[in-house]
Amino acid sequence: LTADFERRAQSSGPEASGASLVLGHILRQQGRLDDAVVRYQRAAALAPGSPTPVLALAELQRQSERHADAAASYERALTLGVAADQQGDVLRALVDLALAAGDVPRARTWHQRLVARTPGVLSVRRELGDALLARRMYTDAIAELQSLARSLAGDNRVLPPVLRDLGRAQMQANQLDEALATLRRALSLAGANAGVRRELYDDMTELRTRRRELDAWVRELDAQGGATWERMMLLGRLHAEQGRLDQAEGT
């Protein structure tokens, strides 16, 4: 198969570009990555208006951790007119490559283009904050999540999960006072049956433990009204961990 496509790629006919592209795929499967790069570059040269070989080259460069080359190839592919169903993946790749290079402003630029493709979709708007958290870039994550939280003010259906992530970032950055205020706000906004409430209770417990305020946290939980499942289970567990077994059993 490799020999067949090598012959096709050497032809001077219209099939040469497609054959070079397929040959690049075959060589990539064989682990011959440098040879695959050459074939993708030839395919791109033979079809200068097509983004397809450029995207293939970008993916291979990214796989090989040649981040700067990959970013340049993805950007070139965008200028050539990537199909609409591929644009999101390309923009996400550019965000990731910018973060890998530590270039948060550039990552934000690509993320803004991604958001502009799907206005009003919260999961897309949250992607940069999530990526910064995953990379432990906590200071930048805090700034991003604070900006997102401000834009969502008043929408209590979607704000608590964003505040949860913000509180986590503040905890990791050792901003414990700020994290406490953020998580308190998230709990006050989350409905009694909101799925995020259990996570908020767990995060608050971790925070109060770090602040050596676990007894005060137990008292607060005990004083809260409404026997929600999440609160009662957490309170029972904390009573048990502190040796108050009768209270734990009753709770």
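Colleague: Which residues of α10 meet which residues of α11?

Modeller: In this predicted model, Y138, A141, I142, L145, Q146, L148 and A149 are the α10 side of the contact. From α11 come L159, V162, L163, D165, L166, A169, Q170 and Q172. Sorted by class, that makes eleven nonpolar, three polar and one charged.

Colleague: Why are α10 and α11 called roughly antiparallel?

Modeller: Look at the angle. The axes of α10 (residues 138-151) and α11 (residues 159-172) cross at roughly 155°. Anything over 145 counts as roughly antiparallel, so that is the label this pair gets. Their axes come within 9 Å, and the crossing is left-handed.

Colleague: Which residues make the contact of α14 with α15?

Modeller: L214, W217, V218, L221 and D222 sit on the α14 side, while α15 brings R231, L234, L235, L238 and H239. By class, there are seven nonpolar, one polar and two charged residues.

Colleague: How do you know that R208 is buried?

Modeller: Its relative accessible area is 3%, and buried means under 20%, so R208 qualifies. R208 belongs to helix α13 (residues 196-210). Not counting residues up to four places away in sequence, R208 touches L180, R184, E213, L214, A216, W217 and E220. Two of those names, L214 and W217, came up at the contact of α14 with α15.

Colleague: Which residues have the most contacts inside the largest nonpolar core?

Modeller: Y74, L99, L207 and W217, in a core of 60 residues. Helix α6 (residues 84-100) gives the most to this core, eight residues.

Colleague: What is L99 in contact with, leaving aside its neighbours within four places in sequence?

Modeller: L99 is in contact with V104, A107, L128, A131, L132, R135 and M137. Contact here means heavy atoms within 4.5 Å.

Colleague: How many residues are in the other core, apart from the largest one?

Modeller: That one has 14 residues, including L21, A36, V37 and A56.

Notes
Residues are numbered from 1 along each chain as its sequence is written. This is a predicted model: local features need pLDDT of at least 70, side-chain atom pairs count only at pLDDT 80 or more; totals for chains, interfaces and linings use all residues. Side-chain values use heavy atoms; hydrogens and water are left out. Helices (H or I, at least four residues) and strands (E, at least two) are DSSP runs, numbered from the N terminus. Ala, Val, Leu, Ile, Met, Phe, Trp, Tyr, Cys and Pro count as nonpolar, Asp, Glu, Lys and Arg as charged, and the others, Gly among them, as polar. A nonpolar core is a set of buried Ala, Val, Leu, Ile, Met, Phe, Trp, Tyr and Cys residues joined through side-chain atoms within 4.5 Å. Buried means under 20% relative accessible area, exposed over 50%, partly exposed in between (1.4 Å probe, protein chains only). Axes are lines fitted to C-alpha atoms, for helices over the stretch in contact, and angles run from 0 to 180 degrees between N-to-C directions. Angles under 35 degrees count as roughly parallel, over 145 as roughly antiparallel, 65 to 115 as roughly perpendicular and the rest as oblique. A crossing is left-handed if the near helix is turned anticlockwise from the far one by less than a right angle, and right-handed if clockwise.
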